[in-house]
Amino acid sequence: MIEVKNLVKRYGDKKAVNNISFKVEKGEILGFLGPNGAGKSTTMNMLTGYISSTSGQILINGTDILEDPKKAKSNIGYLPEIPPLYVDMTVDGYLNFVYDLKKCKLPRKAHLKDVCDLCKISDVRNRLIKNLSKGYKQRVGLAQALVNNPPVLILDEPTVGLDPKQIIEIRTLIKKLGKRHTVILSSHILPEIQAVCDRIIIINKGVVAADGTADEIANSLTNEHKMTLRIEGPTHTISDKALITDAIRAINGVKYVRADMEREKGIYDFDVETDGKTDVRRAINALCSEKGWNILMLQLSDLTLEDIFMKITTGEQYEGAINASSEMKPRINIVLDSGETTNSDNDNAGSELDDNGGVQ
Amino acid sequence: MGAIYRREMGAFFTSGVAYVFLAVFYVFSGYYFYNDVIQSGFTDASPLFKNMFRIVLFLIPILTMRLLSEEKKNRTDQGLLTAPIGLSEIVVGKYLAALTIYIIAESIIFVYAIILGYLGDVVWATLLGNYFAMLLLGAAFIAVGLFISSLTENQMTAAVFSMAVLFVCYLSSSFTDKIETKWLNDLVKELSFYDRYIEFTQGIFNLTSVLFYISAAFLFNFFTVRVLEKRRWS
């Protein structure tokens, strides 16, 4: 659906986007993740034809955006970082303008009604855009992108500045849209990307730093596979500890087991480390059901997206590539960060994450 | 193009720019109509047209100042430039909207003609010639204003700069006597918006002048498209 080949955007001497390539299949929800200034918006602006690339190629539905911009653009709905709203118009007037602007052929009344219903702005259709709240404005921006039902939706930080309830609503909406459209979504909010996207591309300093699902990226970054188990033993006494530890240790593929603290009365947590090749979860489940023990919790303590993000964007060196997905062969390619990042940059990136976490 | 045109027309009225433009235009044209035409005792409206040059000079930048500067400032240009339409459609749509308001303003002349009709015989050929000249002048000046609006994000900068440029167009003919280099003198004379306009008000219909104004309008609209195009690449 979207194919990007060796995309470069140069501003003077500075390369804002440096040789980015990726492919998005039909019906995929792709998340662009990266710190501020990483090149997310620049890439999106190039994908939508707002700015031109210095070199490289962008194919939207097989059409080159520079060769036949009108055709390529008619396939795209774009919500820029700041929604392009004319605040002196009513919602209805504005959407009608967009309808005409996009030379939409769908039945006007019914189509606009559908779009408004989908974005939940039907109740404000006759109000001036300048009088709407930020959340409504964002939704009008999304509605604008949806006019003419474009197969590709490109959304640049769609949830910025919204309250938590609105964020959840927009996310739900995007997920819904992902069933009918191919969606590219950018954000620097990690849980958002994790909640909504099928696949993630991490962009850092203008290059693709990682590409794959959250789990794939996490797996490629770590050799350790740990999990935490909470198992209810037979006796509810300290003797359970040794009994369960020994039983788990006997499972094939388990490297190390350690009984942890008593989390609930008479119930203990166990830290289990595996060799990374064998998935021992089923074996543990079988063991417990055979013995009549209850698993109250099983948590993989693999890298979270946040860890990955920090690891990649703060210049921690990592080398490695795995074949994760079947349809697109070596999709995972972790690019070595050149380590130019200064410590102060890292600190900034860190605090930003905290801020966003706070918003969540 | 139709969408852009309709939106701009709406925006002219919701923002009040159209009302200000029309009101000021009518006040001054009314003043000159009374003072230079009615008082003179002749039905020739040429003095009115002659004087309106100076008013048009200051009013057109009001009409064009926000056309493209505001889009850039509010980032609404992202919506336009990512829509499946060409840059020229955007520019021409906006241009025609401004021209329409200008024509609405200018057409007050026909009201004056009716008044003159009660007082004496209207020479329609001169009147229409003048009307046409003023239309050409506006067409060229609006293109200049629109072009300047594309260069900046600030409406006031666009307005002041446009006024300055148009004022130079007005003054240029007055300092031709002082230019001694012959070719430069000729050039300034040839490019004088004012001299060519005055010629019309004297009842001379010069086809080169018609082409001059039309070319100026085309050229500046083309420049505007180029500015938008270049912004993409830089």
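Between chain B and chain A about 2400 Å² of area is buried, and carbon and sulfur atoms give 59% of that area; buried area here is the accessible area, found with a 1.4 Å probe, that two parts lose on being put together, summed over both. The structure is a predicted model, in which local features need pLDDT of at least 70 and side-chain atom pairs count only at pLDDT 80 or more, while totals for chains, interfaces and linings use all residues. Residues are numbered from 1 along each chain as its sequence is written, chains are lettered from A and ligands numbered from 1 in the order in which they are written, and side-chain values use heavy atoms, without hydrogens and water.

Chain B brings 24 residues to the contact and chain A brings 26 residues, where contact means heavy atoms within 4.5 Å. Across this interface there are 4 salt bridges, each a side-chain nitrogen of Lys or Arg within 4 Å of a carboxyl oxygen of Asp or Glu. Lys103(A) forms a salt bridge with Glu89(B), with the closest N and O atoms 3.2 Å apart.

The largest nonpolar core holds 155 residues. Such a core is a set of buried Ala, Val, Leu, Ile, Met, Phe, Trp, Tyr and Cys residues joined through side-chain atoms within 4.5 Å, and buried means under 20% relative accessible area, exposed over 50% and partly exposed in between, with a 1.4 Å probe and protein chains only. Among the members that touch the most others are Ile184(A) and Phe141(B). Beyond its neighbours within four places in sequence, Ile184(A) is in contact with residues including Phe22(A), Met44(A) and Leu153(A). A second, separate core of 17 residues includes Ile231(A) and Phe270(A).
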